[in-house]
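Please look through the structure before reading the points below.

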Amino acid sequence: PSPWRVGAAAHVERTLIRRDSVDTLRATTLTSNGRAMPFDDTRFAPMRDSSTLADDPDALREHFVSDGYLLLRGLLDRDTVLRLRELYFSLLPEGFLRPGTAAVDGIFSGSVPGGLPEYGVQGHPAYDFVRSAEFRALGDDPALRRVTGALLGGPTESLTRQIVRHFHRGERRASRAHTDYDYMSQGSDRVITSWVPLGDCALATGGLLYLDDAQPLSEDHRHRLRLVNDREHDTRPLSHDLEWTSRLTERRWLWADYRAGDVAFHSPYIVHASLDTTTDAMRLSADLRFQRRGETVDPRWTVPWAADDGA
């Protein structure tokens with residue numbers, strides 16, 4: 001049986017969460033894909049921070065199996081991450097960034113210039129960015145290899161299909177509730193995702209959320225979740241409505257204010273999603289998948305990512 005199919009309810013700790021940030025959010029209604037969701041203790045709880053265990057492989061694996069995810073702060077060099085952010089936003093056409101701001105800040109101008117191809121297809125900056133030597137080097141970072149190797153019990157390799165996600169204020173588009181294995185089911189399930197925010201990413205910027213129990217959802221829950229789905233012909237996402245997902249499953253969404261250099265690792269079976277970006281600073285992040293060397297790789301993940309590749 002898969003080592004990721006076991007687990008208990010996640011333990012959450014209120015660490016490294018600014019109280020003024022929480023109080024401000026409590027006065028707002030957040031959205032995901034345009035669907036409203038109140039920020040309260042019924043639907044949200046902070047993620048557990050495992051950073052102090054970064055040099056203890058056994059403890060990291062114990063937390064990972066228990067929770068289905070790991071949050072490791074400052075794992076990557078902050079300057080390296082910010083250089084990637086600067087590189088990506090410098091590729092965008094004039095008019096995308098607010099005039100007078102630096103590319104590394106990624107401040108949205110409020111409008112998308114005309115003539116830009118669809119996001120992530122050939123001709124769009126994201127398509128070229130994931131094929132650049134600078135971005136490809138991120139998958140070879142020794143810290144990512146060290147952690148994924150500890151979790152999988154041996155040397156790992158990053159899958160070729162590495163994804164960059166870019167969201168901006170006003171588009172009301174975010175990651176739907178889903179599990180990774182529904183998108184990579186033709187290979188081994190001994191795969192780990194490293195979610196890397198390319199820049200500081202507060203909750204309101206659209207950082208990643210995890211449903212707070214590592215136990216896989218029942219087939220009944222999965223079926224009922226898909227009844228509220230804005231992609232009726234695609235059975236892979238569970239739902240675009242995160243409030244409905246939380247209410248039906250009676251699980252909270254775990255959140256964090258991420259900073260450049262932080263990394264969240266998760267199993268292929270944990271449900272995760274994100275909120276709409278509502279800050280002037282745009283969300284930029286990378287999804288990197290790792291498998292132990294020699295494991296069967298889903299063939300769709302052996303070629304570079306494109307937003308229209310069907311995978």
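The model is predicted.

**Helix α8**

- Leu242, Glu243, Trp244, Thr245, Ser246, Leu248 and Thr249 are the buried residues of α8.
- These buried residues pack against the strands β1 (29-32), β2 (35-38), β8 (208-211), β9 (253-255) and β11 (272-274), and also against helix α7 (219-225).
- The N-terminal end of α8 is capped by Asp241, which has a side-chain oxygen 3.2 Å from the backbone nitrogen of Glu243.
- After α8 comes Glu250, with a positive phi near 60°.

**Strands β1 and β2**

- β1 and β2, both packed against by buried residues of α8, run antiparallel and are joined by 4 bridges.
- Opposite Thr29 stands Pro38 in β2.
- The hairpin formed by β1 and β2 has 2 residues between the strands, and Asn33 in this hairpin has a positive phi near 50°.

**Arg43**

- Arg43 sits in the loop between β2 and β3 (44-46).
- Is Arg43 buried or exposed? Its relative accessibility is 14%, and buried means under 20%, so Arg43 counts as buried.
- Leaving out residues up to four places away in sequence, Arg43 touches Met37, Pro38, Glu243, Ser246, Arg247, Arg252 and Trp253.
- Glu243 and Ser246, among the residues that Arg43 touches, are also buried residues of α8.
- The side chains of Arg43 and Ser246 are joined by a polar contact of 3.5 Å.
- Arg43 and Leu254 are 211 residues apart along the chain, yet their C-alpha atoms are separated by 8.7 Å.

**Helix α6**

- Helix α6 spans residues 142-152, and its buried residues are Ala143, Leu144, Val147, Thr148, Gly149, Leu151 and Leu152.
- What do these buried residues pack against? Their partners are helix α2 (57-67) and the strands β4, β5 (156-158), β7 (191-197), β10 and β12.
- Asp141 caps the N-terminal end of α6, with a side-chain oxygen 2.9 Å from the backbone nitrogen of Ala143.
- Gly153 follows α6 and has a positive phi, near 75°.

- Strand β10 (residues 263-266) pairs with β4 in the antiparallel sense, over 4 bridges.
- His266 in β10 is the bridge partner of Tyr69.

**The largest pocket**

- The volume of the largest pocket is about 1000 Å³.
- The pocket is lined by 41 residues, and those closest to its centre are Tyr119, Arg165, Arg173, Arg231 and Ala307.
- By type, the lining has 18 nonpolar, 8 polar and 15 charged residues.
- Strands β6 (163-167) and β12 (283-292) each supply at least two lining residues.
- Which element gives the most to the lining of the largest pocket? The answer is β6, with 4 residues.
- β12, which contributes to this lining, is also among the elements against which the buried residues of α6 pack.

Definitions and conventions
Residues numbered from 1 in each chain as written. Predicted model: local features only at pLDDT ≥ 70, side-chain atom pairs only at ≥ 80, totals over all residues. Heavy atoms only, no water. Pairing = 2+ DSSP bridges. 1 Å grid on protein atoms, 1.4 Å probe; cavity = no way out; pocket = protein on both sides within 12 Å on 5 of 7 lines; lining within 4 Å. Points joined across faces, edges and corners; volume = space filled by probe spheres on them. Nonpolar A, V, L, I, M, F, W, Y, C, P; charged D, E, K, R; others polar. Buried < 20%, exposed > 50% of the residue type's maximum accessible area, 1.4 Å probe, protein only. Contact = heavy atoms within 4.5 Å. Polar contact = N/O pair within 3.5 Å; in protein donor to acceptor, adjacent residues only side chain to side chain.
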